[in-house]
Amino acid sequence: MQICRCQISYHGIYDQETIDNQPDLFTDLYKRVSFPIANAGLALRSIDSVYLSAFICSMAASSKYLAKIFPDWIQTSIVDNVRKITSINENISPYTNNQIMYCAEKIQSIVPNGHLEGLTSPALIINKLVELSNQKTTQLELEDQSPDDSLGLNDSIFKHSSSQSALYQQLSDAEFDKFKKDKEDLANERNSQRPYNQLYY
């Protein structure tokens, strides 16, 4: 995991040598600042989760245009009154197909029961992501919002405004749950070198 010096600077540390000499500590801090503010983080985003969700979601967002320009690569048809991708010729752009599957499989390994559960082909994955992008909740008009809503002090009216935000949220939740479990396990370990683990937890 690449540790961002900008994020580490939030903890008052600016020296690269200090960062290099304590990788476990700063990896821990990197994870903390990536969590939402509601989870005591700084909402600075995890670049790993952004990468995994951004690539396949950008492919989904551009899929209908790619299908028009490259019909031999991406084929579509009307299914239940909705235009969907019916197949993708994996021989035409194997690198892109492999990258879609890599990102999807990585997400599935982190969130086994998430949005991409059971999807085993690029066409199914892209169709699901397009579907997620179309499942937006209704946003209140500006004049209907309270001051706290307009300033973002209350829960967001949009639970998921795009397929990427939906995937990122699941990845973030899974990482936070794992982080809590790891800290709980550490707190329950007897360690004379770290006698305050339980209090720290």
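Student: By class, what does the lining of the second largest pocket have?

Tutor: That lining has nine nonpolar, seven polar and four charged residues. Here Ala, Val, Leu, Ile, Met, Phe, Trp, Tyr, Cys and Pro count as nonpolar, Asp, Glu, Lys and Arg as charged, and the others, Gly among them, as polar. One caution: this is a predicted model, where local features need pLDDT of at least 70 and side-chain atom pairs pLDDT 80 or more, while totals for chains, interfaces and linings use all residues. Residues are numbered from 1 along each chain as its sequence is written, and side-chain values use heavy atoms, leaving out hydrogens and water.

Student: How do I read a pocket or a cavity?

Tutor: Rolling a probe the size of a water molecule over the atoms shows where empty space is left. On a 1 Å grid over the protein atoms alone, a cavity is a set of points where a 1.4 Å probe fits but cannot get out; a pocket is an open set with protein on both sides within 12 Å along at least five of seven lines; lining residues have an atom within 4 Å of a point. Points are joined across faces, edges and corners, and a volume is the space filled by probe spheres set on them. The second largest pocket has a volume of about 400 Å³. Of its 20 lining residues, Ala60, Ser63, Arg83, Val130 and Asn134 are the closest to its centre.

Student: Which helix gives the most to the lining of that second largest pocket?

Tutor: H4 does, with seven residues. Helices (H or I, at least four residues) and strands (E, at least two) are DSSP runs, numbered from the N terminus.

Student: How many cavities of 30 Å³ or more does the structure hold?

Tutor: Two. The largest cavity has a volume of about 50 Å³. Helix H8 (residues 163-187) gives the most to its lining, with four residues.

Student: And how do I read a core?

Tutor: In soluble globular proteins, nonpolar side chains tend to be buried together. A nonpolar core is a set of buried Ala, Val, Leu, Ile, Met, Phe, Trp, Tyr and Cys residues joined through side-chain atoms within 4.5 Å. Buried means under 20% relative accessible area, exposed over 50%, partly exposed in between (1.4 Å probe, protein chains only). The largest nonpolar core here has 28 residues, and Ile56, Leu116, Ile125 and Leu129 have the most contacts inside it. H4 gives the most to this core, with eight residues.

Student: Is Ala67 buried or exposed?

Tutor: Ala67 counts as buried, because its relative accessibility is 10%. Its place is in helix H4.
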